Amino acid sequence: VPDDHVALECAFMAREARFSLAQLIAGDVRELAAGLRAQQSFVVEHMTAWLGEYAKGLRRSATAVLYPQAAEALAAFLPPMAPKNRLRKAMTTMSAP
């Protein structure tokens, strides 16, 4: 996996966040809730599944300079986001009519 894979994942999440902001501004609560659920799923089921080990591997790299620290910072940030119950409650509240 290339060193900049973490940056690509973050760029994808930033793009999704911009869509969510547009939906919030437009007042499209249903689409906003669906988008946020998809973002939650991506982070919890995809990113948290590999990021910790990836960060450790980058740290051992002889050539990577910036990405090991970025990956480690992101890996440290993700676990508080992972509990599904708190996020599910927020999503349910948002999707209520």
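**Entry 1: a helix pair.** I began with two helices and found that α2 passes α3 in a left-handed crossing. Left-handed means that the near helix is turned anticlockwise from the far one by less than a right angle. I noted the residues in contact (heavy atoms within 4.5 Å). From α2 they include M47, L51 and Y54, and from α3 they include Y67, P68 and L74. By class, I found ten nonpolar, two polar and two charged residues in this contact. Gly counts as polar here, and Pro and Tyr as nonpolar.

I then looked up the geometry. Helix α2 spans residues 29-59 and helix α3 spans residues 67-77. They pack at an angle of about 145°, with their axes 8 Å apart. Angles run from 0 to 180 degrees between N-to-C directions.

**Entry 2: the model.** I noted that this is a predicted model, where local features need pLDDT of at least 70 and side-chain atom pairs count only at 80 or more, while totals for chains, interfaces and linings use all residues. Residues are numbered from 1 along each chain, and side-chain values use heavy atoms, with hydrogens and water left out.

I checked pLDDT, the predictor's confidence in each residue, from 0 to 100. The protein chain averages 79, and 76% of the residues score at least 70. Confidence is highest in helix α1 (residues 5-26), at a mean of 92, and lowest in helix α4 (residues 84-95), at 49.

**Entry 3: the whole chain.** I found four helices and zero strands. Helices are DSSP runs (H or I) of at least four residues, and strands (E) of at least two. Of the 97 residues, 26% count as buried, meaning under 20% relative accessible area with a 1.4 Å probe.

Conventions. Buried means under 20% relative accessible area, exposed over 50%, partly exposed in between (1.4 Å probe, protein chains only).
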